[in-house]
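Colleague: Could you walk me through this model?
Modeller: Gladly; here it is.
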Amino acid sequence: MSDHLTDAVVEARGLHFRAGASHILRGVDLTVRRGEVVALLGANGSGKSTLVKSLVGINTPTQGEARLLGAAVGSGVDWSRVGYVPQRSGAGGGIPSTAGEVVASGLLHGRRLRLPRGWRERVAAALDQVGLGDRGGDPVHLLSGGQQQRILIARALVREPDLLILDEPVAGVDVASQEAFAATMRRLVDDGLTVLVVLHELGELEALVTRAVVLGHGKVVHDGAPPRPRDDHDRAGHRHQHPHADDDNTLGEQARALDLEVRP
Amino acid sequence: MITLMLTDPFMQRALLAALLVGVTAPVVGTYLVQRKLSLLGDGIGHVALTGVALGWLVGVGAGLTPNDALAVPGAVVAAVVGSVLIEVVRRRGRTSGDLALAIMFYGGIAGGVLLIGIAGGSAGNLMQYLFGSISTVSDADLWLTVVLSAVVLAVGVGLRHALFSVSHDEEFAVASGLPVWALNVVVAVVSALTVTVAMRVVGLLLVSALMIVPVAVAQQVTHAFGRTMLTASVVGVVVCVSGLTITYWNNVSPGATIVVLAIAVYAVVSLVAPLLTRGRPAHDPHPDLPDDVDLPAAASERAAAAAKECR
C-alpha cells in the first residue's frame, strides 16, 4: 500500500464541498502522518466538521480527493483500522438500546456484517477504557451527556484502530472526564495511534498535540505548531479549561493576525 | 374442543400462517420503529394492492384457475419494487420524499381498484386482501408463507447487528465503510416480503399494525434493542395465535381481532409497566464525581472546617 511509502494516513488534496449556495470547503489540503496527533482548530462554521465528514465518507466532496491509509475513501479503505467519533450525535432511533449494543456496532466495518468471535470481551474492554465498564447494560438515552460522549469514543476504540478521527470529543464534558479522556489518549498514542481531532480549544489534550491545522472560512490558514491562545484570554469573565501556555511567543503576532483565538 | 380445532386442516394451515406472521412481522417492525418509519408498512401495503390486481389480470389473461392464482406473487413483486422505490426516494431527500411517498400510497390503491376492474373483477374481490382471509389459505399459499418467513427471519435475525448499526446511526455506519445503501435496501425488501406474508392473515390495511404494535408493547418493558425484538416477537405470536383461536368459535374477522387484541395488550402493559418500575430505587448516575463548580456554600463550609481545625 502506498501509505507505507508516504507514511501519510490521512490525505486531502484540493477538497471543495458545497451544500446548496454555501461553499463550505474551499480547497483544503491536509496530510496526517503516522504517529502524529493533529488538532483541527477554527471558529464555528469554518468547516472543521465538514472536512472530517468528507474524510470518512459521510460527505462526498464536490471536488478534490480524500485518502485514508493510502486508499481513496470508499470500499478500498481498510476500515478495521479507522475509528470515527462523531460530534455528539442526535442519532439513536425510536428504540432504546444499551451502551453495550451501541459499542458492539463499532465492531462492524467494511464487509464485516456480523460480530466477530469474542465480541463481548472486546466491548467490555472498550467500555473499561472510557471508565464505563459497569454501564454496558444501561440504556444509552438514560446516561448523562458526558457518558454518552464516552460511549461514542468506546464505539470507535472497540475495533482497535490505528487511526482515530474525533469531532469535538470533549465539548461539554466536565474537567474530570476530560482528564480521564486525555490519559486514555496518551496511552493509545504511546502505543502508536495516529489522531486527527477537531477541537474548539486544546484543553487537556494540549500536551499530546504535535501539530495544529487551523481552518478559516473553508481554507487552511495555519499548519504547524499549536497556536497560542489570544492574549485577551485572561479577560474578566473568560472561563477556560486549559493551562496557560509558556512564554514561547514565536507564533504570537502571526496567530493574532490570523485571529487564531479559541473562544470559549 | 382444542383437539377439534387442531385437527381441522383449515385451522392447521391458518394457525401455522398466524404463527409465522406473529414471529416475523415484529422482527421487521423493530427496524422500522428504530428508523422512525413506522408507517412504511402501510405504504408498502397500498402498493401491494396494485400487485394483487396485476397478478389477477395476468392470471385471467393466461386463463388460470382460480383467477387469483397469481395474486400473491403479484403482491410480492409490487411490494418489493415499491419498497425499493421508497428507499430511493428517501435517499434523495426528505422534503420531496414525503410527497412522493404519499403519491405512491394513493397510486397503489387507485391502481389496484382500476386494474381489478379491467380484469373483470370488482373492488369487492380486493376485500379479502385488504382485510385478510386466513381461512382460505391454500397449501400453495402456506408454502409461500413458510419460504418468505424463513427468508425474512434469516435476514432480520442473522444480520441484526449490521441492520442495527445502520438504523441506529447511519452516518457512523457510512464512516465504518459498511454497505449502507445495500443494507437499507435489504430492510426495505424484507419489509415488503413481510407485508405480503402477513397479507393473508390480517389484510393489507392492518399489516402495519402487526409490525408496529408488538414493538410498542415491548418498548414499555425493555430498554435494549435485542430484547425489544425478542419480546415483540413473543407478543406477536401470542396475539396472532390467540386472536385466531377466538375466531374459530366466534364469527368475527381474524385480522381485526388480532389487531384489537394487540392494542388491548399495549393498553394493559402501559398501565401496568409504571407500577413494575416504581419499586426500583432511584440512583445518582455519578456518585463518585466531584462537582465542577465551586459553590459559595461549600467554600464557607470548608472555611468553617478549617477554623475548627485551627482551634
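Modeller: Glu160(A) sits in the loop of chain A between helix H5 (145–157) and strand E7 (163–167), where helices (H or I, at least four residues) and strands (E, at least two) are DSSP runs, numbered from the N terminus. The model is predicted, with local features needing pLDDT of at least 70 and side-chain atom pairs counting only at pLDDT 80 or more, while totals for chains, interfaces and linings use all residues. Residues are numbered from 1 along each chain as its sequence is written, and chains are lettered from A and ligands numbered from 1 in the order in which they are written.
Colleague: What is the phi of Glu160(A)?
Modeller: Glu160(A) is not a glycine, yet its phi is positive, at about 50 degrees.
Colleague: And why does Glu160(A) count as partly exposed?
Modeller: Because it has 15 C-beta neighbours inside 10 Å; buried means 20 or more other C-beta atoms within 10 Å of the residue's own, exposed means 12 or fewer, and partly exposed is in between, with C-beta atoms placed from the backbone.
Colleague: Switching to chain B, where does Lys36(B) lie?
Modeller: Lys36(B) is in the loop between helix H2 (9–34) and helix H3 (40–61) of chain B, and its phi, near 60 degrees, is a positive value in a residue other than glycine. Lys36(B) counts as exposed, because it has 12 C-beta neighbours inside 10 Å.
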